[in-house]
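Welcome, and thank you for taking a look at this protein with us. Here is a short tour of some of its helices, loops and individual residues.

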Amino acid sequence: NGWIKSIETMDNIKIDTHGVGEVNTIFLNTRVRPMDDIRVRRAVAYALNRDEFLRGTSPLISGPVFSPVPEVFMPGGLSQSDVCELGLDYPQNLKKAKELLTQAGYPEGFSLDLVTSEKRLFQVNYQILKKQLARVGINCRIKVVSHRDMHKSIRNLQHPQPIVIYVAWRPNADAYLSQFFHSHLIPSEGQKAGTNFSYYDKIDQLIDAARFEIHSEKQIHLWSQAQIRILNDMAALPIMYTLQMYVRKAWLDYGHPLES
């Protein structure tokens, strides 16, 4: 964010931004204690505030996302008004978060051991997560490792991570839902490491049905239903997107518009 501001003040320098944007999503493990309790997962969601994550980057290249499939980039996603109408927007509500933790048997909160990458984008997001969860008594102990080791750790079946913040771009709704929420992609021993960091298995039929649906409106409806289930079960909380950015001399003409 500070680097972009310093670039913007330079003479004869232009900043170009374009899609396709990567999406920052917080995945909550539905099988490991205490995250296996839906009240705890919802408490985490109510403890968080998208605006604080967005302040960690520049508004020039970022914006909020409200469903696992980014509605701002592709069909099949849910808008802010969609999730608000369904009561699945999870606005920050610390009182409600604490009440849910108390109901789940954690009136004093609890501690979590998390792993993040050495990359700045990941570290910033995890530090914001830590700061916000501390307000409701959830203490995050965050270990910083190499980016390579982070990828190994978040796929380690023997020591599954309770929370994973992942930044990724995928080409369509099916790819987002299949790779991050289909049970076939839950990390497992002796198989290709999956990216279903929520260990979630409730929407396989919806994903499969949408993949083979030839009518676009029906396909989008199935994708929407899958994401409503994800948000209702709070298997993941989408936070924001970040665009690609290039800096150039003002005299440089690419010869074509920069588009997604």
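**A first stop: Gln161**

With a relative accessibility of 8%, Gln161 counts as buried. Please keep in mind throughout that this is a predicted model. Gln161 sits in the loop that links helix 7 (147-153) to strand 5 (163-168). Setting aside residues up to four places away in sequence, Gln161 touches Asn29, Val32, Asp113, Leu114, Val115, Ser153 and Ile154.

- Helix 2 is mostly covered, with 7 of its 10 residues buried.
- Those buried residues are Val40, Arg41, Ala43, Val44, Ala45, Tyr46 and Ala47.
- Helix 2 (residues 38-47) packs against helix 5 (residues 94-103) at an angle of about 165°, and their axes are 8 Å apart. Helix 2 is therefore roughly antiparallel to helix 5, since angles over 145 degrees are counted that way.
- The crossing of helix 2 with helix 5 is left-handed.
- On the helix 2 side, the contact involves Arg39, Val40, Arg42, Ala43, Tyr46 and Ala47. On the helix 5 side, the partners are Leu94, Lys96, Ala97, Leu100, Leu101 and Gln103.
- Sorted by class, the residues in this contact of helix 2 with helix 5 are 8 nonpolar, 1 polar and 3 charged.

- Helix 8 (residues 173-181) has 8 of its 9 residues buried, so it is largely enclosed by the rest of the structure.
- Its buried residues are Ala173, Asp174, Ala175, Tyr176, Leu177, Ser178, Phe180 and Phe181.
- What covers these buried residues? The cover includes strand 1 (13-28), strand 5, helix 9 (204-211), helix 10 (216-233) and strand 6 (236-249).
- The axes of helix 8 and helix 9 come within 10 Å of each other and cross at roughly 150°. Helix 8 is therefore roughly antiparallel to helix 9.
- Helix 8 passes helix 9 in a left-handed crossing.
- Asp174, Leu177, Ser178 and Phe181 of helix 8 make this contact with Asp204, Ile207 and Arg211 of helix 9.
- The contact of helix 8 with helix 9 has 3 nonpolar, 1 polar and 3 charged residues.

- Val65 lies in the loop between strand 2 (62-64) and helix 4 (80-86). Val65 is buried, with a relative accessible area of 3%.
- Which residues does Val65 touch, not counting residues up to four places away in sequence? They are Val23, Arg50, Pro70, Pro238, Ile239, Met240 and Tyr241.
- One of these contacts, Arg50, is 15 residues from Val65 in sequence and 8.8 Å away in space, C-alpha to C-alpha.
- Gln132 belongs to helix 6 (residues 120-134). Gln132 counts as buried because its relative accessibility is 0%.
- Leaving aside neighbours within four places in sequence, Gln132 is in contact with Ala47, Leu48, Asn49, Glu52, Phe53 and Gln92. Among them is Ala47, which is also one of the buried residues of helix 2.
- Gln132 and Asp201 are 69 residues apart in sequence and 28 Å apart in space, C-alpha to C-alpha.

**Backbone details in the loops**

- The peptide bond from Arg33 to Pro34 is cis, with omega near -5°. Pro34 lies in the loop between strand 1 and helix 2.
- Tyr90 is in the loop between helix 4 and helix 5. Its phi is near 50°, a positive value in a residue other than glycine.
- Is Tyr90 buried or exposed? Tyr90 counts as buried, because its relative accessibility is 5%.
- Tyr199 is in the loop between helix 8 and helix 9. Tyr199 has a positive phi of about 50° although it is not a glycine.
- At 6% relative accessibility, Tyr199 counts as buried.

**Cysteines**

- A disulfide is a covalent bond between the sulfur atoms of two cysteines. How many disulfides does a search of the whole structure find? The search finds 0.
- Cys84 counts as partly exposed, at 37% relative accessibility.
- Cys140, at 1% relative accessibility, counts as buried.

Note on methods. Residues are numbered from 1 along each chain as its sequence is written. This is a predicted model: local features need pLDDT of at least 70, side-chain atom pairs count only at pLDDT 80 or more; totals for chains, interfaces and linings use all residues. Side-chain values use heavy atoms; hydrogens and water are left out. Helices (H or I, at least four residues) and strands (E, at least two) are DSSP runs, numbered from the N terminus. Buried means under 20% relative accessible area, exposed over 50%, partly exposed in between (1.4 Å probe, protein chains only). Contact means heavy atoms within 4.5 Å. Axes are lines fitted to C-alpha atoms, for helices over the stretch in contact, and angles run from 0 to 180 degrees between N-to-C directions. Angles under 35 degrees count as roughly parallel, over 145 as roughly antiparallel, 65 to 115 as roughly perpendicular and the rest as oblique. A crossing is left-handed if the near helix is turned anticlockwise from the far one by less than a right angle, and right-handed if clockwise. Ala, Val, Leu, Ile, Met, Phe, Trp, Tyr, Cys and Pro count as nonpolar, Asp, Glu, Lys and Arg as charged, and the others, Gly among them, as polar. A disulfide is a pair of cysteine sulfur atoms within 2.5 Å.
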